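My notes are below the display.

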Amino acid sequence: MLLYHHIMNFERSFKKGVFIVFLLFIISCNNQANNNVNGDSYNPQSPVEEIAEGTPEAILRVLQEKDSTSLFERDSIKTFYKARANKPVWSDTQFRNAFLDTLKNAKYQGFLFQDFHGNEIENLTKNLQDRSSEEISALDIYLTDAFFKYGKQLWYGKTNPKKLHEIWDLTRKKISISKLLNESIDKNDLSFAIKKLGPINPIYNELILAAKEQSILMEKDSSKIMKIEIGKTIKPESSDPRMPRIKARLQQLGYLKDADTSSVNSKTSERAIKAFQQDHGLMIDGIIGNATLYNLNKSAKDWYNILQVNLERWRWYPRELGSDYILVNVADFKLEFIKNGKFKDEHKIVVGLPSRATPVFSDEIENIVLNPSWYIPPTIKTKDVIPGARKDPNYINKKHLNVISQSGERLDPLNVNWNSKEVYSYRFKQDPGSANPLGQVKINFPNKHLIYLHDTNSKSLFSNNARSNSSGCVRVEGVIDLAKELLSDQKQYNSDKVDELLASGKTRYIKLTTPVKIYIFYWTAWRENGKTHFTHDIYNDDEKILKALNIIH
């Protein structure tokens with residue numbers, strides 16, 4: 001999946017005036033059109049005619065009467081109204097209905113109307129023309145409180161990623177909800193605030209579309225699906241008693257037109273399996289193994305929930321990525337390079353094992369190292385190197401490592417007492433060469449997690465479908481080409497010069513002159529070419545986030 005292609009397709013469509021998706025999901029609460037974020041209409045129970053209005057006096061009385069548990073943002077709401085002399089916010093019918101539309105129809109983003117004073121708001125909007133000034137003032141306060149909660153959740157996410165991840169190192173700018181609401185009031189245009197609060201990238205909008213589609217499938221898939229037993233692998237042209245159920249499930253999911261009752265994995269079912277595998281980030285081989293069966297056993301509700309998890313992830317991520325950046329999707333084992341706003345290339349990657357997961361964070365690339373030495377990171381030193389040396393006195397020599405004391409002295413590994421505590425203060429270095437696991441190139445963005453991009457001497461790993469094999473750092477296929485692209489604005493480091501420096505075998509540090517951001521993200525669902533795609537949740541994060549969202553059906 002190419003994020004850049006999504007962005008550029010959107011920009012081209014916008015320039016041509018074809019901005020249906022964006023209008024549908026982001027700016028649809030425009031007060032003139034009176035549409036909503038998710039494309040459905042919220043119509044009050046009764047038409048609004050001459051009604052009483054909220055007053056500053058009534059608003060003040062209601063605010064003083066309400067206890068601390070009846071409002072989500074009591075202190076902020078009181079401060080907000082005080083700053084505007086307790087004047088009502090939602091007296092304009094179109095402005096109010098634009099927000100009601102937004103709330104009522106944000107369910108596909110995981111926002112449920114009842115979680116935003118929905119019941120109170122719905123009751124008060126019934127027979128609005130018969131309501132007292134105090135009741136309408138209470139409605140005004142509920143709507144403002146709902147906007148504050150909705151705005152915060154749209155901007156920051158419904159959950160706290162730092163509580164759900166052992167390592168989470170993405171910073172987000174703070175935003176003033178009250179300022180945005182005031183500006184929208186002044187413009188009489190709620191879309192002004194909604195556009196600034198929600199994720200602006202097309203991936204988010206298309207995930208909402210995918211959630212809508214999946215909700216329709218949920219109705220069709222309402223009955224409990226018949227689980228297919230995990231077991232022996234089913235190869236093409238082979239027979240298995242589970243095949244009739246597999247074919248029935250493929251038909252139910254739209255991958256097979258007709259499902260026969262044969263027990264053979266025929267050419268037709270093989271093609272259907274390959275299509276299913278492609279959409280779910282599996283090895284596309286037509287072989288029905290446990291990973292394929294696991295995905296076939298997921299219901300429409302399961303996939304809907306995964307879409308909600310990924311919508312939440314994109315609410316956590318930065319709104320603007322810049323013009324020059326590298327984007328890594330850990331779960332999909334892919335890296336994309338965008339330069340001057342244009343897609344340059346995509347690379348396969350190897351990421352951390354589940355026990356040594358690659359963290360989610362962003363930084364800026366500072367330099368490139370050609371023919372790097374490898375200084376063993378703390379985790380590998382503690383978990384691998386020292387235990388290995390204790391078991392085998394010749395382990396260090398076999399690994400071509402240098403042992404360096406705190407004073408900088410190079411030690412003979414055969415004369416080191418590996419059972420002493422002092423060994424934990426030693427540094428372990430591997431010189432450049434064919435045995436060096438960093439390969440020929442290292443791309444540095446110094447960070448507290450000691451993560452970087454690098455080459456590898458185990459290039460066969462890139463041929464695997466699942467590539468979580470490292471100790472946390474990201475190995476990049478074709479990293480030399482990526483390094484050349486990063487250096488392409490420096491004429492003295494053209495392609496031939498880089499090849500010459502690599503051939504010398506000597507370590508060379510080259511500083512980048514053009515800042516390039518790197519974003520290491522994790523997401524397991526997206527849309528591409530009108531189809532929803534999923535990939536394996538290698539770190540088992542989806543279920544954890546889903547529980548925190550509290551939207552499990």
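Entry 1, strand E5. I am working with a predicted model. I looked up E5, residues 360-370, and found it mostly covered, with 8 of its 11 residues buried.

Entry 2, partners of E5. I listed its pairings in turn. Strand E14 (residues 508-521) runs antiparallel to E5, and 9 bridges join them; I noted Lys-517 in E14 as the bridge partner of Glu-364. Strand E10 (residues 441-444) also pairs with E5 in the antiparallel sense, over 4 bridges, and there Ile-443 stands opposite Ile-368. Strand E1 (residues 168-169) runs parallel to E5 and is joined to it by 2 bridges. In that pairing I found Asp-169 opposite Phe-361.

I read a volume of about 1000 Å³ for the largest pocket. It is lined by 43 residues, and those closest to its centre are Arg-356, Thr-379, Ser-470, Ser-471 and Gly-472. Helix H16 (378-391), helix H17 (395-398) and strand E12 (468-470) are the elements that give two or more residues to this lining. H16 gives the most, 6 residues. I sorted the lining into 21 nonpolar, 12 polar and 10 charged residues.

I counted 37 lining residues, of which Gln-277, Gly-281, Leu-282, Met-283 and Asn-465 are the closest to the centre. Elements that each supply at least two lining residues include helix H13 (267-279) and strand E4 (342-352). The largest share, 4 residues, comes from H14. The lining divides into 15 nonpolar, 14 polar and 8 charged residues.

How values were computed
Residues numbered from 1 in each chain as written. Predicted model: local features only at pLDDT ≥ 70, side-chain atom pairs only at ≥ 80, totals over all residues. Heavy atoms only, no water. Buried < 20%, exposed > 50% of the residue type's maximum accessible area, 1.4 Å probe, protein only. Pairing = 2+ DSSP bridges. 1 Å grid on protein atoms, 1.4 Å probe; cavity = no way out; pocket = protein on both sides within 12 Å on 5 of 7 lines; lining within 4 Å. Points joined across faces, edges and corners; volume = space filled by probe spheres on them. Nonpolar A, V, L, I, M, F, W, Y, C, P; charged D, E, K, R; others polar.
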